[in-house]
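Morning, everyone. Please have a look at the model on the screen, and then I'll walk you through it.

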Amino acid sequence: MVSSIADSQDLEIIKEKTTRDLIIEHGYPAEHHSVETEDGNMLSVFRIPYSHHLQNENQTRPIVLMQHGLLTSSDIWVVSGPNDSLAFLLADSGFDVWIGNNRGNEYSKPLKTPSWNFSWHEIGYYDLPAMIDYAIKTNDQGQKSIHYVGHSQGTTVFFTLMSLRPEYNERIKTAHMLAPVAIWKNVKSECISCAADLISADGWLTKLLSHAEFGRSMSSSASQCFETKCKNFTENQSSGHSNQTALIEAAKISQVGSWKQVIHYLFNFKSGLFQQYDYDTVTNLELYKSEKPPNYPIEEINSEVHLWYADNDQLVAVDDVVALADRLPKKVLHHIDDPLWAHGDFYLHNEIRKYVNEPVIQIMQQYKLDSK
């Protein structure tokens with residue numbers, strides 16, 4: 001794969017502060033890499049190679065790859081600052097920290113033509129392995145595996161990769177799924193229900209949007225749904241106990257992605273299954289040799305998977321997490337002991353260090369001790 005340290009000047013024209021800027025302003029070393037996928041898309045990946053507090057650049061530093069959720073970016077892992085954000089805490093705990101961006105988001109553009117014809121399936125199948133392989137190669141310390149942290153869609157793409165390309169399980173030490181999204185059967189949301197009612201595998205709206213950038217080419221019915229049922233959808237994704245600095249920086253993240261990512265989730269919501277993209281019957285027969293898309297074989301995921309979930313998460317139902325866990329061979333469940341904890345609190349909450357970040361780091365460090 002062709003790859004290099006990229007010049008971030010173009011990004012700085014668009015954004016006042018990039019992920020790299022947010023890292024550097026706190027005194028940490030930062031790198032911006034460009035990684036090419038197997039299917040020819042370019043991804044921006046940021047790195048904190050070592051801690052300036054530890055001065056550990058000449059020591060072995062276990063690799064961690066962090067992956068954001070739907071319509072966000074690498075910024076989420078640093079917006080809470082060095083005392084709370086997981087990326088900084090990992091660096092100060094001796095890790096080589098890699099912070100990914102999927103195709104089509106604000107950092108990983110332009111796209112290869114045809115540009116917006118992708119869902120999170122392609123992100124999992126192509127983007128994630130490219131970043132894993134690149135991080136291991138660039139670390140250049142003889143490591144063969146990494147720790148992984150994903151939030152929301154960042155968990156979906158992990159399940160996609162590890163189930164369809166199970167050889168990648170050997171490259172995972174521990175995997176931490178913050179707000180895991182796979183089975184999406186019991187989510188209670190007027191916004192999601194309204195949007196799901198608008199689409200069908202062979203419907204004209206699905207065909208209109210499936211090759212479009214998110215937010216564009218909306219029909220009047222879709223616009224009405226989003227303006228009424230989804231009006232306060234974003235605001236409801238945090239509990240009100242957010243780090244105010246994080247809220248300000250997170251609000252600057254451009255919500256860029258493909259409609260097909262959203263539609264894929266809506267299809268799974270309607271079916272109650274974790275399955276591949278549902279095209280029309282003719283296309284399904286051509287691609288899958290069946291009228292319905294196949295389920296992702298998550299029973300093939302044999303890496304150590306930690307599921308972090310909360311009762312008040314409007315996008316991740318507890319029953320769905322339990323159903324997912326029942327199918328994973330090697331899993332550990334971590335319930336967030338805060339009744340108000342919401343979907344975005346995994347990177348916005350003013351006590352993420354206590355509830356999530358320190359426990360995650362402790363598990364990674366224990367893995368190192370157990371491996372000796």
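Trp-120, Trp-184, Tyr-265, Phe-269, Phe-274 and Tyr-296 form one aromatic cluster. Before I go on, a word on ground rules. This is a predicted model, where local features need pLDDT of at least 70, side-chain atom pairs count only at pLDDT 80 or more, and totals for chains, interfaces and linings use all residues. Residues are numbered from 1 along each chain as its sequence is written, and side-chain values use heavy atoms, with hydrogens and water left out.

Back to the rings. Rings of Phe, Tyr and Trp (its six-membered ring) pair if their centres lie within 6.5 Å; planes under 30 degrees apart count as stacked, over 60 as edge-to-face and the rest as tilted. How many aromatic pairs does this rule give? The count is 19. Take Phe-46 and Tyr-107. Their ring centres are 5.1 Å apart and their planes stand at 75°, so this pair is edge-to-face. Phe-46 belongs to strand S3, while Tyr-107 sits in the loop between S5 and H4, so the pair ties together parts 61 residues apart in sequence. Helices (H or I, at least four residues) and strands (E, at least two) are DSSP runs, numbered from the N terminus. Buried means under 20% relative accessible area, exposed over 50%, partly exposed in between (1.4 Å probe, protein chains only).

Now a pair inside the cluster. Trp-184 and Phe-269 are edge-to-face, with 5.9 Å centre to centre and 75° between the planes. Trp-184 is in the loop between S7 and helix H6 (190-198), and Phe-269 is in helix H10 (residues 259-271), so parts 85 residues apart in sequence are tied together. Trp-184 is buried, at 8% relative accessible area. Phe-269 is buried too, at 15%.

Next, the core. A nonpolar core is a set of buried Ala, Val, Leu, Ile, Met, Phe, Trp, Tyr and Cys residues joined through side-chain atoms within 4.5 Å. The largest one here has 111 residues, and Ile-132, Phe-158 and Phe-159 have the most contacts inside it. Which helix gives the most to this core? Helix H4 (residues 120-139) does, with nine residues. Look at Phe-158. Leaving aside neighbours within four places in sequence, Phe-158 is in contact (heavy atoms within 4.5 Å) with Leu-128, Tyr-148, Ile-172, Ala-175, Met-177, Ile-301, Ser-303 and Val-305.

On to charges. A salt bridge is a side-chain nitrogen of Lys or Arg within 4 Å of a carboxyl oxygen of Asp or Glu. The whole structure has 11 of them. One joins the side chains of Glu-38 and Arg-165, at 2.8 Å from N to O. Glu-38 is in the loop between strand S2 (31-36) and strand S3 (42-48), and Arg-165 is in the loop between helix H5 (153-164) and strand S7 (172-178), so this bridge ties together parts 127 residues apart in sequence. Glu-38 is partly exposed, at 47% relative accessible area. Arg-165 counts as buried, at 12%.

Arg-165 also lies over the face of Tyr-125, 4.8 Å from the ring centre. The rule: a charge sits over a ring if NZ of Lys or CZ of Arg is within 6 Å of the ring centre and within 35 degrees of the ring normal. Lys-260 has its charged end over the ring of Tyr-277, 4.8 Å from the centre.

Another salt bridge: Asp-133 with Arg-171, with the closest N and O atoms 2.5 Å apart. Asp-133 is in helix H4 and Arg-171 in the loop between H5 and S7, 38 residues apart, so distant parts of the chain are linked. Asp-133 is partly exposed, at 22% relative accessibility, and Arg-171 is partly exposed at 27%. Arg-353 and Glu-358 also meet through their side chains in a salt bridge, at 2.8 Å from N to O. Glu-31, Arg-47 and Asp-96 are linked in a network of salt bridges.

Last, the backbone. Which peptide bond is cis? The bond from Lys-109 to Pro-110 is, with omega near 0°. Pro-110 lies in the loop between strand S5 (96-99) and H4. Gln-55 is not a glycine, yet has a positive phi of about 50°. Its place is the loop between S3 and strand S4 (63-67). Asp-140, not a glycine either, has a positive phi of about 55°. Asp-140 sits in the loop between H4 and strand S6 (146-151) and is exposed, at 65% relative accessible area.
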